[in-house]
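Hi everyone, thanks for making time this morning. I'd like to walk you through a model, so let me put it up on the screen.

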Amino acid sequence: MIKTALNRWVPTFEFRPSWRSLMPIVCFLAVLMVGALFTDALFTERNVSNVMRQTVANGMIALGMLVVILTGGIDLSVGSVVALGGVLFAGLADQLGIAPALALAVLAGVIAGVVNGTIISRFNLQPFIVTLATMGVIRGVVYIYTESPISPAHPSFRELGATLVGPVSLGMLIMLGCYGCVSFFLNRTATGRAIVAIGGNAEAVRLAGIDVQRTVTTAYAISGGLSAFAGAILVSRLGIAQPSLGSAYELDAIAACVIGGAILGGGGGSVIGTLLGVFTLGIINNLLNLLDVKSFYQDIVKGAVIILAVLLVARSKRS
Amino acid sequence: MTRWSGVEPMDTAAPVLAVTGIIKTYGATRALRGVDAAFHVGRVHAIVGENGAGKSTLTRIVTGATTADAGQILMDGRPVVMRAPLDGQRMGIRMVHQHHTLALNLSVTENILLGRLPRARMRWIAWGEAHRRAAAVLEELGYPSIGVNRLAHSLTAAQRQIVEIAKAIAVEPRVLIMDEPTAALAHEDIERLFGFVRRLRDRGTSIIYISHRLDEIFQLADCVTVLRDGAVTGSLETAAIDKAGLVRMMVGRPLQDLYPPPRAVGSARVALSVRGLARAGAFEDVCFDVGKGEIVGMYGLIGSGRTEIARCLYGADRATAGEITLDGIPLIPKSPREALRAGIALLTEDRLGDGLVRGMSVCDNITMASMSAVSRCGVLNRTRQRQRAEHQVRALAIRPASIERDVATLSGGNQQKVVLAKWLLTKARLLILDEPTRGVDIGARRDIYEAIAKLLGEGMSVLLISSDLPEVIGMSDRVLVMREGRLVGEFGRALATEELLLASASGLSNE
């Protein structure tokens, strides 16, 4: 009974847990245990709420990154799109109101993604180079829009990021909602299945009569839209939109996907794994702060964790 | 008293390589259950068996690519331990793999001498010497025409296979294992390869030859070992058995007619009509018809343009000239999508390269080309998707009969059935099959042939492209022959013989 109910929502695979699918949960529990050993501050109500608020942005970006990674691509422009979404949301909030400003900000992110995806799939270029280039272009556009930080006076501006619904923030609820939607999209829609299939064998998908260009473009559009949304939530939480916002965010997003078991180059990755990866990384960041580790040491630790995660996945593949 | 060394039969001489009691299990599957075999100097020893019988596992063990759970490997009568392919190579065991292992971005020379490039002063690479050595190996194989400076990716499939063999024999091996070496080769190339294998044998190399093509076994092998379900069912001289007997040992049952009986071809209504079709550099002026419910074979050597025609009909490549009509409606497919909509499906010759998505389930793979039929407004109807996939799994007897399995875990024959199921589900009116049974065992072949015959009865038209002469003749109502990009012959079922088709395809007949 339970199994049939599950089958409607879970991708069509027999449940044979592999190391790669178990790794995210193992990493997550390991980080929790390490945290419990070294500090008492981790599980305080205030800190938990903090961690959740701080992981929202990376959670949204990593989700979009996962969709792109599933196609065998990568999106390095997410950090710049975060800034684009952030400054547009803040800049338009006073004139247009919160909802239209948010819609336009997300739309701008989607357009950036469509441009990325179209260039990559239409001309068959390497996603790494194309999104590296658009990362620069979009950052330039953001600085043209505003060179100085924007802090709008609209009374509801901070609600998106700062509102609490019970113990969790509104942003966290939005993020979890996005995870549910993307999971449904990847497992239960024709385009979603095509995205997963393209990462496995793009030529087989093309010969199956599926529009590969449109499908790949959709993946980048999702990444762009989610990144811009993340930018809007972020500036709403901070109360100010800096044009320098979001630089190097692609690193954390890719790291979360990898810790979550995604394979760069396509052919593997899951929504639930990515969610665990996001929280694992969020807790690592939080722990390093709680333990007063200086920020450049934090970068070293994070880098080491990523290498460790990739190593674990690689080892599991060999056996 | 002196012994006459000359009359001592080969068999009693000590084998160069032998295995005893080899056991290997993968998870719940017992791939090998106590295999004994001995391979002698100067003999071609064939290993046959259906897909999944354990041939590949056995070769992986004797080359050191994997280790056995139990059992011994004896080299010159002494037990040896092999943990990595390098161990096997050091002892002179080399392998020609079924799937290509060439580095496509390197030159032919580098591929042939990979890891053994000759060095000059200061350990710089002596390129002149390297090219000479590589050219000498190709010369010996009978292919001096393959340029050693060319990059591997510019070679045809057949040429790559030759380079693959050259790589294995660059240092003369003591034991050479060949896994389906002729799969990508045309008849001429096969003859040349056999000549070389015989020369190598006569010089004292022990050759282990794996093939699904039983005719080759009888042409080439001195003795044969039959595997079934991971155990040896027999090991004997080739001269002591005939084809039917060998098949019986392989499948455990006598093989009735492999091909379905010919049907009365129904109406003369034309389904597909091709006029003056051409693609620059591949083929030109191709004209033929395929009737409704008819199966037309297309035979030709590798590079004769058969696959290219199929790709143009399906819109995977663009034709440069010509007209195509399907059921009277003109059609120039610009993409596979358009061709599918019009009712054409293509099963390509390379199921791993562009047929399957490994890592996805059997269900996802089967329904991939009919997503719109199993979804509404882009959302999949999971129940309908599973029903359709399960129906195909039953109809084609795909094993294991589970639609949730990762398609990569299936055997070659069952993978091919999954690809066929994908195209059958599209309800195409014209199905183009390009080498539908390459590397597929006899049991699975039968299932595939039966499925095709059933669909023909339901009015589907089939264009069957194949290098397997018995298959083309056994299945087709008519056979077209291609040579060097042109259609050069057409034979009715009653007239087509292996000799005639071959002569026509290689330009030996005077039509």
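**Two domains, two chains**

Let's begin inside chain B, where the centres of domain 1 and domain 2, taken over C-alpha atoms, are 31 Å apart. Domain 1 of chain B covers 9–251, and domain 2 of chain B covers 270–506. Please keep in mind, as we go, that this is a predicted model.

Now for the confidence. Chain B has a mean pLDDT of 88, with 94% of its residues at 70 or more. The stretch to handle separately is residues 1–11 of chain B, where the pLDDT is below 50. Beyond near neighbours in sequence, that stretch makes 5 contacts in the model. For the model as a whole, the scores are ipTM 0.84 and pTM 0.79.

Next, the place where the chains meet. Here 23 residues of chain A are in contact with 28 residues of chain B. Which element gives the most to the side of chain A that touches chain B? That would be helix 9 of chain A, residues 190–207, with 11 residues. Sorted by class, the residues on this side of chain A are 8 nonpolar, 8 polar and 7 charged.

Let me finish with chain A on its own. Its secondary structure consists of 13 helices and 2 strands. Why can we call chain A as compact as a globular protein of its length? Because its radius of gyration is 19 Å, close to the 20 Å that the globule rule gives for 319 residues. Along the principal axes, the C-alpha trace of chain A spans about 55 × 50 × 40 Å.

Two more numbers for chain A. Of its 319 residues, 51% are buried. And if you take the contacts in chain A with a separation of 6 or more, 79% of them are between residues 24 or more positions apart.

That's the tour, and I'm happy to go back to any part of it.

Terms used:
Residues numbered from 1 in each chain as written. Chains lettered and ligands numbered in written order. Predicted model: local features only at pLDDT ≥ 70, side-chain atom pairs only at ≥ 80, totals over all residues. Domains from an automatic or database assignment. Contact = placed C-beta atoms within 7 Å. Helix = DSSP H or I, 4+ residues; strand = E, 2+ residues; numbered from the N terminus. Nonpolar A, V, L, I, M, F, W, Y, C, P; charged D, E, K, R; others polar. pLDDT = per-residue confidence, 0-100. Rg over C-alpha atoms; globule rule 2.2 N^0.38 Å. Buried ≥ 20, exposed ≤ 12 C-beta atoms within 10 Å, placed from the backbone.
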